[in-house]
Amino acid sequence: MKNIDLNSNWEFREYEAGSRGDFCTDSSGKWYSVDFPGDINQALVRHGILPDPHYDMNGLACYWTSSKDWCCRKKFSLDMIPETSSLLLEGIDGHAELYLNGEKLGKLENAFRPHRLKLNGKLKKENTLVIYFLSIDGIMGGPRNPGTLEGWRGQRSLMRKAQYNFGWDWALPLPGTGVMEGISIEYDTECRFKNFSIRTDIKGRIDFFFELSKDVLKQDSRIEISLSGHGCDFKRELNGDKHKCYSSFKIANPALWNPAGYGTPNLYDYEIKLISSGEVKEVKKGRTGIRSSRIKEDAFAEKNGTGFSFALEINGVPVFCKGSNWIPMELWPSEIKEENYEYYLSMMRDAGFNMVRVWGGGIYEKERFYELCDEYGIMVWQDFMFASAWYDTVKLRDEIMAEAHYQVGRIGLHPSPVIWCGCNEDVFSWNHPDSHEGSGGDQDDAGVYCDMSYQDQVRARRLKDDPILYSMMLRGILSFHDPAMPYVESSPQSHDDGGNSPSSGNSHLSCLKYLIFNEDENEADFRGHFEKVCSFDSEFCINGPCSEKTLRNFMKTEHHWPPDEAWKYHIQHGHRDMYYFEQINKFAGRIFGEINNLHDYTKYGQAMHAEMMKSEFEAARHDRPDSGGTMFWM
């Protein structure tokens with residue numbers, strides 16, 4: 001397979017929504033340069049058109065970009081025009097129409113899967129490729145809501161792209177528009193792997209599965225497999241005379257992949273070559289690990305009352321999970337730099353983490369993320385990218401299925417993902433269908449990210465669509481790729497009406513939320529939260545202030561103290577509509593006395609934060625084995 005890189009030297013400009021104009025020949029002076037991967041918004045910052053949205057309340061001055069269409073254009077020459085070729089686009093962040101030399105090739109509506117479009121007979125010596133991004137306001141049916149938290153509320157589920165981009169309690173409603181991975185022309189692609197997967201068994205078996213394109217069968221083809229590491233060095237050939245084929249390797253004394261703290265995360269190297277008519281057509285290589293994973297639920301110890309533990313058993317050994325949730329590293333996903341993964345994941349490793357949850361409102365992370373988790377022994381709790389909203393399974397079905405097949409197949413090549421989860425905080429998945437409010441007991445909470453006035457309009461459809469999406473489609477696709485992979489429909493999910501109970505499954509509870517939901521009791525102590533055993537906390541939230549120096553760096557002097565609209569814009573509100581700085585002032589003030597300056601706010605807020613975080617981990621450790629682990633947000 002041969003490749004022509006098209007990532008550099010693009011130009012872009014805005015158009016009024018729906019106007020388009022003659023974008024192929026437009027030579028006005030309004031075009032700006034951009035390279036991919038990259039985001040249009042960040043390019044506008046670089047060109048001085050937008051202010052830095054991270055500083056003070058500058059983000060408000062960036063909202064207008066979502067009302068425009070954005071045209072990205074690249075002109076390129078070819079010395080040789082291939083007879084057969086495809087255009088590969090990976091991570092197109094937004095709804096976009098694609099044009100080559102004025103001819104429309106198609107429409108792209110999913111940032112979470114690659115798109116391949118046939119170019120046979122369409123390429124010329126001189127070419128103009130256009131990615132025309134449609135106005136986000138137009139797709140949403142209007143501009144964002146005036147509230148800084150909700151963005152477009154539930155309408156964000158209309159687009160298969162990072163959901164946090166539309167506004168969360170920690171993220172401004174500034175959706176990205178760009179290319180997250182890359183753009184290229186592939187040619188000589190008739191003979192290729194359509195699918196490739198790996199399964200392992202802890203008794204020492206590694207299985208390779210292949211699906212080949214139809215053109216492979218027309219030629220004299222073979223597959224060469226190499227597997228090495230830990231004393232083994234296998235080589236094998238398969239005839240490429242079937243659409244589907246497989247091969248198994250048996251290792252006498254397998255070196256298992258183990259989570260950090262439970263052994264070495266051993267890895268094996270593999271290389272796969274597809275050879276047709278004596279020529280190497282495609283090569284796949286990487287590292288894999290041998291491990292098993294399953295969910296283990298046991299009855300609580302009698303002293304802890306009625307309940308079930310929730311634990312992951314890796315290679316037959318119950319593992320106590322400790323770590324954190326993971327969100328995308330940048331405001332705009334297309335601006336994520338691969339070199340930053342090692343910086344953050346190595347800190348997790350050094351801090352003693354053995355698990356990280358890829359949260360469902362972000363992105364399926366890049367290959368480098370999973371490679372490092374493999375290497376460091378960090379288990380991955382992998383959400384599908386659905387969060388706190390209703391998703392129309394009729395309208396989105398084909399895209400969801402294509403996305404899930406691609407991502408499960410890609411991520412499944414790695415040993416570090418040990419559990420998949422259907423969604424983050426889908427409130428109607430938490431609650432029993434016969435109960436509108438639910439009855440989950442203490443701290444049962446719908447989340448602060450769903451606009452209930454909108455969600456009530458679609459309640460009936462959610463009660464139908466949620467089980468289709470989370471219990472059938474996603475579970476079925478995961479089982480197709482790896483029948484042994486553990487799966488839960490939601491984070492949180494428990495065996496009761498409310499679905500967010502500490503006594504079974506996995507929950508989103510914390511000692512800070514305990515205080516918030518018991519704030520009317522002035523003497524409430526956050527330690528009361530730990531009187532109940534929590535089976536598994538897949539997300540406990542305790543917000544604390546950043547350093548005084550950091551806050552001064554991203555806010556103008558007049559906003560440093562007292563907290564004002566700039567604080568509300570950045571730090572926003574959470575449960576019971578309390579702004580986060582109000583929570584810190586209230587509860588840290590209860591311990592240390594009234595807080596009336598920035599220095600005391602950061603000092604006492606951080607002290608409270610540290611004590612609560614320490615207590616969460618100590619309580620989870622104390623409650624083993626009824627507690628299977630805990631991860632903080634974020």
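1. Contact here means heavy atoms within 4.5 Å; buried means under 20% relative accessible area and exposed over 50%, with partly exposed in between (1.4 Å probe, protein chains only). Helices (H or I, at least four residues) and strands (E, at least two) are DSSP runs, numbered from the N terminus.

2. This is a predicted model: local features need pLDDT of at least 70, side-chain atom pairs count only at pLDDT 80 or more, and totals for chains, interfaces and linings use all residues. Residues are numbered from 1 along each chain as its sequence is written, and side-chain values use heavy atoms, with hydrogens and water left out.

3. Helix H3 covers residues 339–350, twelve in number, and its first and last C-alpha are 18 Å apart. That is close to the 16 Å expected at 1.5 Å a residue, the expected span being 1.5 Å times one less than the number of residues. Tyr341, Leu345, Ser346 and Met348 of H3 are buried. Down the axis of H3 these buried residues fall within an arc of 155°, so they line one face of the helix; the arc is that of the directions from the helix axis to the C-beta atoms. Exposed Glu339 and Asp350 sit on the face turned away from the buried side. After H3 comes glycine 352, with a positive phi near 95°.

4. In strand E28 (residues 629–633), five of the five residues are buried, so the strand is largely enclosed by the rest of the structure. Gly629, Met631 and Trp633 lie on one side, Thr630 and Phe632 on the other. E28 pairs with E22 in the parallel sense over four bridges, where pairing requires at least two DSSP bridges between two strands. Lysine 322 stands opposite threonine 630 in this strand. Strand E27 (residues 537–541) also runs parallel to E28, joined by three bridges, and cysteine 541 has tryptophan 633 as its bridge partner in E28.

5. A separate topic is the open sheet of three strands, ordered E12-E13-E16 with antiparallel pairing. Strand E12 (193–201) and strand E16 (244–250) are at the edges with a single partner strand each, so one side of each has no neighbour in the sheet. Eight bridges join E12 to strand E13 (residues 205–212), and aspartate 201 stands opposite arginine 205 in E13.

6. Asparagine 145 is in the loop between helix H2 (136–140) and strand E11 (178–187). Leaving out residues up to four places away in sequence, asparagine 145 touches Gly151, Trp152 and Arg153.
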